[in-house]
Amino acid sequence: MSDLPTTGFLRLPQVLQFIPVSRSTWWAGCASGRYPKPCKLGPRTTAWRAEDIRALIETAGAAK
């Protein structure tokens with residue numbers, strides 16, 4: 001998790017390096033609320049806040 005920035009935005013390929021699921025599973029999880037909601041940075045640019053991804057990883061690690 002040392003490669004994960006503390007702040008900023010992550011695009012989908014970067015997120016999937018830390019959360020090993022398929023793209024379709026990730027999008028379904030975002031729609032259902034299991035994963036963080038994306039931020040639209042432009043008409044064709046979607047990203048996730050690094051803080052949200054870090055929190056997701058920490059809660060998943062605590063659940064184990």
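Mentor: Let us begin with contacts beyond the local stretch of chain. Leaving aside neighbours within four places in sequence, Thr 46 is in contact with Arg 11, Trp 27, Pro 38, Cys 39 and Lys 40. Please keep in mind that this is a predicted model.

Trainee: Where does Thr 46 sit in the secondary structure?

Mentor: Thr 46 belongs to strand E3, which covers residues 45-49.

Trainee: Is Thr 46 buried or exposed?

Mentor: Thr 46 counts as buried, because its relative accessibility is 16% and the cut-off for buried is under 20%.

Trainee: Which side chain makes a polar contact with the side chain of Thr 46?

Mentor: That partner is Lys 40, whose side chain makes the polar contact at 3.4 Å.

Trainee: Now for charges. How many salt bridges are there?

Mentor: The general idea first: side chains of opposite charge can pair when their charged atoms come close. In this model the count is 1 salt bridge, and it joins the side chains of Arg 49 and Asp 52, with 3.3 Å from N to O.

Trainee: How accessible are Asp 52 and Arg 49?

Mentor: Asp 52 has 25% relative accessibility, so it counts as partly exposed. Arg 49, at 36%, is likewise partly exposed.

Trainee: Finally, which residues line the largest pocket?

Mentor: The largest pocket holds about 160 Å³ of space. Its lining consists of Phe 18, Ile 19, Pro 20, Val 21, Arg 34, Tyr 35, Leu 56, Ile 57 and Ala 60. Helix H3 (residues 50-63) supplies the largest share of that lining, with 3 residues. By class, the lining has 8 nonpolar residues, 1 charged residue and no polar ones.

How values were computed. Residues are numbered from 1 along each chain as its sequence is written. This is a predicted model: local features need pLDDT of at least 70, side-chain atom pairs count only at pLDDT 80 or more; totals for chains, interfaces and linings use all residues. Side-chain values use heavy atoms; hydrogens and water are left out. Helices (H or I, at least four residues) and strands (E, at least two) are DSSP runs, numbered from the N terminus. Buried means under 20% relative accessible area, exposed over 50%, partly exposed in between (1.4 Å probe, protein chains only). Contact means heavy atoms within 4.5 Å. A polar contact is a pair of N or O atoms within 3.5 Å; within protein, one must be able to donate a hydrogen and the other to accept it, and residues adjacent in sequence count only if both atoms are side-chain atoms. A salt bridge is a side-chain nitrogen of Lys or Arg within 4 Å of a carboxyl oxygen of Asp or Glu. On a 1 Å grid over the protein atoms alone, a cavity is a set of points where a 1.4 Å probe fits but cannot get out, and a pocket is an open set with protein on both sides within 12 Å along at least five of seven lines; lining residues have an atom within 4 Å of a point. Grid points are joined across faces, edges and corners, and a volume is the space filled by probe spheres set on the points. Ala, Val, Leu, Ile, Met, Phe, Trp, Tyr, Cys and Pro count as nonpolar, Asp, Glu, Lys and Arg as charged, and the others, Gly among them, as polar.
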